[in-house]
Amino acid sequence: MKQSNLKAWLYLLPAILFLGVFMVYPLIDVFIYSFEEGYNSASQTVFGVGWYNYSYVLHDPYFLRAVKNTLILVVITVPLSTGIALLISVGLNSIKPLKELYQTVFFLPYVTNTLAVGLVFMILFKKTAYTDGMVNLLINWFGGESVDFIDGPYWAKMFVMCFYTIWVVMPFKILILTSALASVDETYYNAARVDGTGKWRIFTRITLPMISPMIFYLVITGFIGAFKAYSDEVALFGTNLNAAGMNTIVGYVYDMLYGDSGGYPSYASAAALILFAIVLTITCVNLLVTRKGIRY
Amino acid sequence: MEKRTDFESIERSARIRRRTLKTVTYVLLTVWGLIVLFPFYWMLLSSVKSYSAYNGEYIPKFFTLAPTLENYREAFTAVPLARYFLNTLIFTVCTTAVMLAVTVLAAFAFSRLSFRGKNAAFAIFLSLMMIPAELVIITNFVTITDWHLRNTFWGLILPSVTSVFYIYLLKENFEQIPDELYKAAKVDGTSDMKYLLKVMIPICRPTVITITILKVIECWNSYVWPRLITDDANYFLVSNGIQTIRESGFGRENIPAMMAAVVAVSVPLIVLFLIFHKKIMDGVSRGGTKG
């Protein structure tokens, strides 16, 4: 028994080593960093211990802007993408010919490099001296005025950001919802049809309740994902997100850590922990609502 | 007589309703399909337009009559795109290989061996799944810097290896293999390692392939960690390369060349996806997320 114990731990050793060094230790360390005031990475010295880093971050206008941007992004993209994904999945589930083709096409954004495709979105939306860009051409067709979506007004930049985020998160949601819809037992539908139930009623009374756990799952993962938005914004607006006024919380963390304004792991840690607290709170609230909301 | 016509008209209107619903569905799906595909079409199209043609079009054209591969030559010569590809390939292959070894060993221990503290250890592993990468990346950055591993492949690979989720996925799959097989192998005097390699992995090959592909996608698209840990262009991965091209470009606003680079970066994964789309979609729906 002793020998087999040892052997088992040997099998686990690589995983434990990797997780210990790159996950468990950093997790503890990030708390320590966030309370160390005036940490200097060159001399490894600290002035004291306290809440100063948190207060600095919470009073930093860049951080507040990042929070605002992130919140707007979350509030717009999570419900919208879940709703559209539901619509598309219901559509997908009701057809037979070409279904697989559509499914494959819809999943394509998942496997593409978001930085690379983000560059294409930038080209499509950007207005330069040479061209108004593809999207502005469409707007002009419908009689609108050209807008610079990349360097222009705030709402335009926010629109591109939300649009691209939805484009990126859609494949996952469609995939999860189509498989959830497909797994609803056919007998419920047959029973309802025998009773002469209308289509809309079947959808709201049978389909929605049956797939509601999956919808809630998507809303929760959607919240978490949107709160962590960063690389999509870099792809659209460049690495200097503060200059573009489109920074996100995660972007703020990385900027504090590294880059032009970097070198402050303490501030970065404090900001990361604030983000973690926000996400954790919202996830818990979501879970509570879910527990009350799911009714079969 | 009257009743029959009534019945027919009801049926006809139902048929019409069904048909309009079907049409609306297809229109909706096609619209979304176009939104998904259009950026891909646009990058492909822009990448084969010549520099002068592209910049000459104040109103962009939806097609080109004189496609050119000049931009691809430019993309691979003006910036070290081939270098970025090689780096990404090395990074992806090494990370995935180490991840597989670590994952298989851990999943084997959790699924087949019995030892003290197994349940507690597994619970701790599972709880680690909830730790967001943003929280640990700060210390990892400091650790790798302290180890003087910035701008090395080790620095890129080591923190990217661990994936608790894959251990969990593989463990679940390993557990479905009947115990009798293991006992039979033990009676025959097969060692644990040999049993793992010759029996378990071949049986669970679909799952192993799935996690391999998911990891490859993750590696190919990773941006944040490589950006933090490399500032020497010799170690840039494709994502960082693309971003550099975007920031400093080809010396001028050479968008067609930029798009050629984008196409080159996107093609490998799209090909991989087209070959394995069933496996990838299956793997993702079993719990992969895009964080």
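Predicted model: local features only at pLDDT ≥ 70, side-chain atom pairs only at ≥ 80, totals over all residues.
Of the 296 residues of chain A, 42% count as buried.

The secondary structure of chain A comprises 13 helices and two strands. Along the principal axes, the C-alpha atoms of chain A occupy a box of roughly 75 × 75 × 35 Å. The radius of gyration of chain A is 24 Å, whereas a compact globule of 296 residues would have a value near 19 Å.

Domain 1 spans residues 1-50 and domain 2 spans residues 61-293. The C-alpha centres of these two domains of chain A are 33 Å apart. How many residues of domain 1 of chain A are in contact with domain 2 of chain A? Six residues of domain 1 meet seven residues of domain 2. On the domain 1 side of this contact in chain A, helix α1 (residues 2-35) provides the largest share, namely three residues. By residue class, that side of domain 1 consists of three nonpolar residues, two polar residues and one charged residue.

Chain B is likewise assigned two domains, with domain 1 covering residues 2-56 and domain 2 covering residues 79-248. In chain B, the C-alpha centres of domain 1 and domain 2 are separated by 41 Å.

There remains the contact between the two chains. In the interface, 70 residues of chain B are in contact with 71 residues of chain A. Which helices of chain B each supply at least two residues to the side that touches chain A? They are α1 (2-47), α4 (81-112), α5 (118-128), α6 (133-146), α11 (205-221), α12 (224-229), α13 (238-248) and α14 (255-285) of chain B. The largest share comes from α14(B), which gives 13 residues to the side of chain B that touches chain A. As for residue class, this side of chain B divides into 49 nonpolar, 15 polar and six charged residues.

Taken in turn, then, the model presents a chain A with two assigned domains, a chain B that is also divided into two, and an interface in which 70 residues of chain B touch 71 residues of chain A.

Conventions
Residues numbered from 1 in each chain as written. Chains lettered and ligands numbered in written order. Domains from an automatic or database assignment. Helix = DSSP H or I, 4+ residues; strand = E, 2+ residues; numbered from the N terminus. Nonpolar A, V, L, I, M, F, W, Y, C, P; charged D, E, K, R; others polar. Rg over C-alpha atoms; globule rule 2.2 N^0.38 Å. Buried ≥ 20, exposed ≤ 12 C-beta atoms within 10 Å, placed from the backbone.
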